[in-house]
Amino acid sequence: LAKDSPDADGAKAAFLAMADGLMKREAWQEAADAYRNALEAWPETSKDVSVQEGYAWALRKQGKTEEALAAFGRAEAAATKDDDIARALLAQGEVLSELGRGADSMVKFRAVLEKYPGTPTGRVLKTKVELRELESEGRLLFRNFSFGEAQKKFAELAARAPEQRPRMDYFEMLCLYGQGQDGQAVAKAKALSAESADDVVRAEATLWLAKYPPPNADPPAPWRAAG
């Protein structure tokens, strides 16, 4: 119907609903094709932020980062509401980061924090920045052998961001070892090796246990294990 009679009542709405449905099914290629066809069939949809954003995400999910970046830019241009603009800026920042363009990425992030701090997207980004800084502080303390203070930072991050708890638990284990609390460190490493929900953490804990020194051996430098 959309191809043969694009001006028919309901054709555009039905076609866009199909595109949205493909996104929900994670059929990224088909969704991208549908959004692109919609933009060609109905030029006015170029001003619809949801269409531009959907198209951008479909491209990004396929790893087409350069195309996704341009599409998120068009979503920003089409947006009229603050949170829509902030969301498009945040997505551009993330894609730029994936492309290794860190300085350009920070320009987008700062624009969100400075211009749209009160939007839902602005608050989410503010929290992300705070968590990233908290981890950076913990890593710096760890590298400077302040294992007790580093452990507190990692524990705080784990409490604030449960999805990062497996990784922070591993860092806390290294902090325990750095403080000479070998028994607690080994027990925690064994628990992580057996039970962690993160495959990488399980593997790293298993490897650490394999390298754990026998009595009277020189222990490995714990800060090396933390990267």
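This is a predicted model: local features need pLDDT of at least 70, side-chain atom pairs count only at pLDDT 80 or more; totals for chains, interfaces and linings use all residues.
## Nonpolar cores

The largest nonpolar core comprises 26 residues, and those with the most contacts inside it are Ala31, Tyr35, Tyr55, Leu59 and Phe72. Helices α1 (11-24), α2 (28-41), α3 (49-61), α4 (65-78) and α5 (82-98) each contribute at least two residues to this core. A second, separate core contains 24 residues, including Phe142, Met168, Ala189 and Leu192.

Leaving aside residues up to four places away in sequence, Tyr55 is in contact with Ala32, Tyr35, Arg36, Leu39, Ala71 and Arg74.

## Helix α7

Helix α7 covers residues 120-143; at 1.5 Å a residue, its 24 residues should span 34 Å, and the distance of 35 Å between its end C-alpha atoms agrees with this. Its buried residues include Leu125, Leu131, Leu134 and Phe142. Just after α7, Phe145 adopts a positive phi of about 70°.

Because Arg160 belongs to helix α8 (residues 147-160), the pair ties together parts that are 30 residues apart in sequence. Glu130 is partly exposed at 26% relative accessible area, and Arg160 is likewise partly exposed at 41%.

## Salt bridges around Arg87

The structure holds 17 salt bridges. A network of them links Glu53, Asp83, Asp84 and Arg87. The closest N and O atoms of Arg87 and Asp83 are 3.3 Å apart; these two residues are four residues apart in helix α5, and therefore separated by about one helical turn.

Arg87 also pairs with Asp84 at 2.7 Å, N to O. Asp84 counts as buried at 15% relative accessibility, whereas Arg87 is partly exposed at 29%.

Key. Residues are numbered from 1 along each chain as its sequence is written. Side-chain values use heavy atoms; hydrogens and water are left out. The expected span of a helix is 1.5 Å times one less than its number of residues. Buried means under 20% relative accessible area, exposed over 50%, partly exposed in between (1.4 Å probe, protein chains only). A nonpolar core is a set of buried Ala, Val, Leu, Ile, Met, Phe, Trp, Tyr and Cys residues joined through side-chain atoms within 4.5 Å. Contact means heavy atoms within 4.5 Å. A salt bridge is a side-chain nitrogen of Lys or Arg within 4 Å of a carboxyl oxygen of Asp or Glu.
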